[in-house]
Amino acid sequence: MSVRTGVCAATVALAAMTTIPALAEGPPKRGGTLTYMIPADSPPSFDGHRETTFATVHAVAPYYSVLIRVPPDNPASTTEFVCDLCTEMPKPTDDGKTFTFKIREGVKFHDGSKLTAQDVADSWNRIVFPPQGTISARVSYYAMVDKIEAPDDSTVIFRLKRATTAFLPALADPFTWIYKKEILAKDPHWYEKNIMGSGPFKFTAYEVGQAIRGVRNPDYYHKGQPYLDAIEGIFADKQSVRVDALRGDRAAIEFRGLPPSARDQLVKEAGNTIAVQESDWNCGNLITFNHKKKPFDDVRVRRALQLAVDQWKGAPALSKIATVRTVGGIVFPGSPLAATKEELQQIAGYWPDIEKSRAEAKRLLKEAGVEGLKFELTNRNVDQPYKYVGTWLIGEWKKIGVTAEQKVVPTGPWFQAMRGGTFDVVVEANCQSVVNPVLDTGKYLPAKVFPENFGGYDDPKSIELYEKMQLETDPKAQRAAMRAYEKHTLDTEAHGIVMPYWYRIVMARTYVKGWKISPSHYLNQDLANVWLDK
């Protein structure tokens, strides 16, 4: 991870290649409005418990509180967590199976009502044990939780079925916003279309597809914060619009990430008024086949489409124009549980000999009786890197005689197509927050276990392999169990194609202070720490 600032145009080539220390920030200044870009047309809903997209978290996170979080000054940490609504991080009891949290006194929702442990426990019960008719996107993360209780208004107790180091990272998930119990009791879907939390900013206005605005919460419980008077998120799905806004200082930052070409262009044109932070990214596109539609119910067809893709040559080429970089399997590259290059090359879609791979792909299509296959590739209306990845894939598939027509749709209809199973093949993504491979790989489980799996398949063997890996306590044995789960998912059943992992490049005007990058575009987005040096 690195932080860079632009320099004058005469030395831009050096700036594009050299890591430069961040400028000293000094004591925070109060006031001002932060205008930032959100690279989407609009969020599918405002409900963090339901959604998995940055379009929701970037738009809405500043208006909510969570129980615990990663440290805002060290958001890349995978082992350090701090309280938000709690008063101190608890020491587990009962052999690591019980966590007791004390909740801050005096916290108010934005409607002026008191937030208590009852609200915290109710929100968490809905996340872990979602009521019928509601969606909890990350419910599989909390399979270790047995019970959540609030014995009084200042105490929340989590009782686990078993001790596990995966619990606290899962508890720090940035989508786990605390909602008002009274509202949810009347309408469990209220928060899908409404915003009312206890976070550092109060929601004031939303213009569909245009902007979302909020003002400083004067009753915020973290003393002295937030520093800003107001925030405004501007929706823009076109990269050129976002880059122009940063260049012209009509926006101060875009938190998700832009490609190297945009970085180099802005540094060249804006010089020392642009700061750049970079990081590996716990996120990547996933190509999902609809197993309920023919011919994608045939593993030979799915495997053929995997074998057509040259990951090893494609990743370096794409990295020059898109926010992708590292070839990987189902585990975030660099993690102790991630596959090595040699291990990946044993899996379909990663073979080192692309000609051999494509010859096998053609053989499988012929055997399945679908030579000259044609289908629709559903994609999201987001430039980086969705459209680039989709266009590249179509070119790869042409090399085995397959024709895919790309259908690009806005974020809302994209989710509707996936959740409704109305697609043939879709470009989606597996993006996570705190790097937690044991839970992050739950995305590949059938929908009855992981609701946001859109493949439409049932796979008892997958569940068996995952549970064995999750319960394993010996690191070496767990790594071997992860390889078995990965090989079954990508090779034996060919449930999907894991595209190269993304690389995050965040650019801001140099007057934006107090925000640090992490390997996830979901983390550190409540903006309480951000201030403007102007």
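Let me start with Ser-520: leaving aside neighbours within four places in sequence, this residue is in contact with Trp-281, Gln-432, Ser-433 and Arg-504, where contact means heavy atoms within 4.5 Å. A word on the source: this is a predicted model, with local features needing pLDDT of at least 70 and side-chain atom pairs counted only at pLDDT 80 or more, while totals for chains, interfaces and linings use all residues. Residues are numbered from 1 along each chain as its sequence is written, and side-chain values use heavy atoms, with hydrogens and water left out.

Ser-520 sits in the loop between β18 (512–513) and β19 (531–532); strands are DSSP runs of E, at least two residues, and helices runs of H or I, at least four, numbered from the N terminus. Ser-520 counts as buried because its relative accessibility is 0%, buried being under 20% relative accessible area with a 1.4 Å probe, protein chains only. The Ser-520 side chain reaches the backbone oxygen of Gln-432 at 2.8 Å. A polar atom of that side chain also lies 3.0 Å from the backbone nitrogen of Tyr-522.

Now the helices. The axes of α9 (residues 299–307) and α12 (residues 354–367) come within 8 Å and cross at roughly 155°; axes are lines fitted to C-alpha atoms over the stretch in contact, and angles run from 0 to 180 degrees between N-to-C directions. So α9 is roughly antiparallel to α12, the term for angles over 145 degrees. From α9, Arg-300, Val-301, Arg-303, Ala-304 and Leu-307 meet residues of α12 including Ile-354, Leu-364 and Glu-367. The residues of this contact divide into seven nonpolar, one polar and five charged.

Key. Angles under 35 degrees count as roughly parallel, over 145 as roughly antiparallel, 65 to 115 as roughly perpendicular and the rest as oblique. Ala, Val, Leu, Ile, Met, Phe, Trp, Tyr, Cys and Pro count as nonpolar, Asp, Glu, Lys and Arg as charged, and the others, Gly among them, as polar. Buried means under 20% relative accessible area, exposed over 50%, partly exposed in between (1.4 Å probe, protein chains only). A polar contact is a pair of N or O atoms within 3.5 Å; within protein, one must be able to donate a hydrogen and the other to accept it, and residues adjacent in sequence count only if both atoms are side-chain atoms.
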